[in-house]
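This report goes through one structure by topic, from individual charged pairs to the chain as a whole. The sequence and coordinates are shown first.

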Amino acid sequence: MIPNVSVIIPTYNRWPMVGAAVASVLAQSYRDFELIVVDDGSTDGTSTELIQFGSQLRYFRQERSGVSAARNVGVRQSCGRLIAFLDSDDLWQPDKLKIQVHFMKNSPEVQICQTDEVWFRHGVRVNPRIKHRKPSGDIFERSLDLCLVSPSAVMLTREVFDRSGGFDESLPVCEDYDLWLRIARDYPVPLIEQPLVVKHGGHTDQLSHSLWGMDRYRLIALQKLLRAGIAGAQRAEVLRVLHNKVAVLVQGARKRGKVADAERYLAILSEFAGEIGNVGERVPQFRGVQRLPCADAQPLA
């Protein structure tokens, strides 16, 4: 029998954390789901340890290819109409799936939703800053500055995931920022305000700690949106945020004496220089943004 929900957990050297994540899925009050764990080349004995769960999960192993590839493999191996992701260092509250499935069933126009969450850092509960609080509905503009969708909190239809093209496997980080922007461009993302996800942070193997300058990868996501032909007010907002992020990165690179890095960032901006030069006259939100000198808006030799 085909399950209604496919739950995908990617993992890499996260035992015993992934064991706790799996247990939180198996403890769900809603039972019409399949659980798929994709091991991204772990060397810590994860595969051996997961044997204890037997047929309660389907296990796939791949050579180290990154979290995006692991999630995409999980989706390809799954068959549920609805898809839910859980990061291997997070946990679900027991009614997470039941509440989201009920919400989706009673809102047939909704293609994707997320829940609120509780944050722990180094084992201590912390409150998210105002800028991290999740919006609801049309979240596109708010999500341009930083990612406001948590993979562990999302449920979406397979149709929308397939139509979006899935996670970009070329991005080592910010792959979620990239995907949720592509989806939020076209679909509202309602928020279920109950904190049904427990997020654990502060450990050294978090992807956000592995690479400096996360905005370097957010620039790639913004470029993709512009090249794909995003239009109107959404395009103006993407251009505004692209300009601001490039300006910050250029300033930082110059302070560190990284001239070549500054040139690369300016080359990104120069691709859309004509639009950025005019958008301030059309869109009030763009007025007053500090502009880079025109001479700097071209790739430097």
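## The Asp39–Arg61 pair

In this predicted model, Asp39 is buried, with a relative accessible area of 0%. Arg61 forms a salt bridge with Asp39, and their closest N and O atoms are 3.3 Å apart. The pair links distant parts of the chain, with Asp39 in strand β2 (residues 33-39) and Arg61 in strand β3 (residues 58-61), 22 residues apart. Arg61 has a relative accessibility of 46% and therefore counts as partly exposed.

## Other salt bridges

The salt bridges number 20. One of them joins Arg240 to Glu237, with the closest N and O atoms 2.7 Å apart. Because Arg240 and Glu237 lie three residues apart in helix α9, about one helical turn separates them. Both Arg240 and Glu237 are buried.

Arg185 forms a salt bridge with Asp186, at 3.3 Å between the closest N and O atoms. Arg185 counts as partly exposed at 26% relative accessibility, and Asp186 counts as partly exposed at 48%.

## A buried lysine without a salt bridge

Lys96 is located in helix α4 (residues 96-106). Lys96 is buried but has no salt bridge; Glu117, the nearest side chain of opposite charge, is 9.1 Å away. Leaving aside residues up to four places away in sequence, Lys96 touches Gln28, Ala84, Thr115, Ser152, Ala153, Val154, Leu196 and Val197.

## Helix α6

Helix α6 (residues 175-184) is largely enclosed by the rest of the structure, because 10 of its 10 residues are buried. Among the buried residues of α6 are Glu175, Asp176, Asp178 and Arg182, along with Tyr177, Trp180 and Leu181. The buried residues of α6 pack against helices α3 (67-77), α5 (158-164), α8 (215-227) and α9 (232-255), and against strands β6 (112-121) and β8 (154-157).

## Cavity

The structure holds one cavity of 30 Å³ or more. The largest cavity has a volume of about 40 Å³. Its lining consists of Ile139, Ser143, Cys147, Leu148, Val149, Tyr177, Trp180, Leu181 and Ala184. By class, eight lining residues are nonpolar, one is polar and none is charged.

## The chain overall

The chain has 11 helices and nine strands. Of its 301 residues, 54% are buried. Among contacts between residues at least 6 apart in sequence, 74% join residues at least 24 apart.

Key. Residues numbered from 1 in each chain as written. Predicted model: local features only at pLDDT ≥ 70, side-chain atom pairs only at ≥ 80, totals over all residues. Heavy atoms only, no water. 1 Å grid on protein atoms, 1.4 Å probe; cavity = no way out; pocket = protein on both sides within 12 Å on 5 of 7 lines; lining within 4 Å. Points joined across faces, edges and corners; volume = space filled by probe spheres on them. Nonpolar A, V, L, I, M, F, W, Y, C, P; charged D, E, K, R; others polar. Helix = DSSP H or I, 4+ residues; strand = E, 2+ residues; numbered from the N terminus. Buried < 20%, exposed > 50% of the residue type's maximum accessible area, 1.4 Å probe, protein only. Lys, Arg positive; Asp, Glu negative; His and termini not counted. Salt bridge = Lys/Arg side-chain N within 4 Å of Asp/Glu carboxyl O. Contact = heavy atoms within 4.5 Å.
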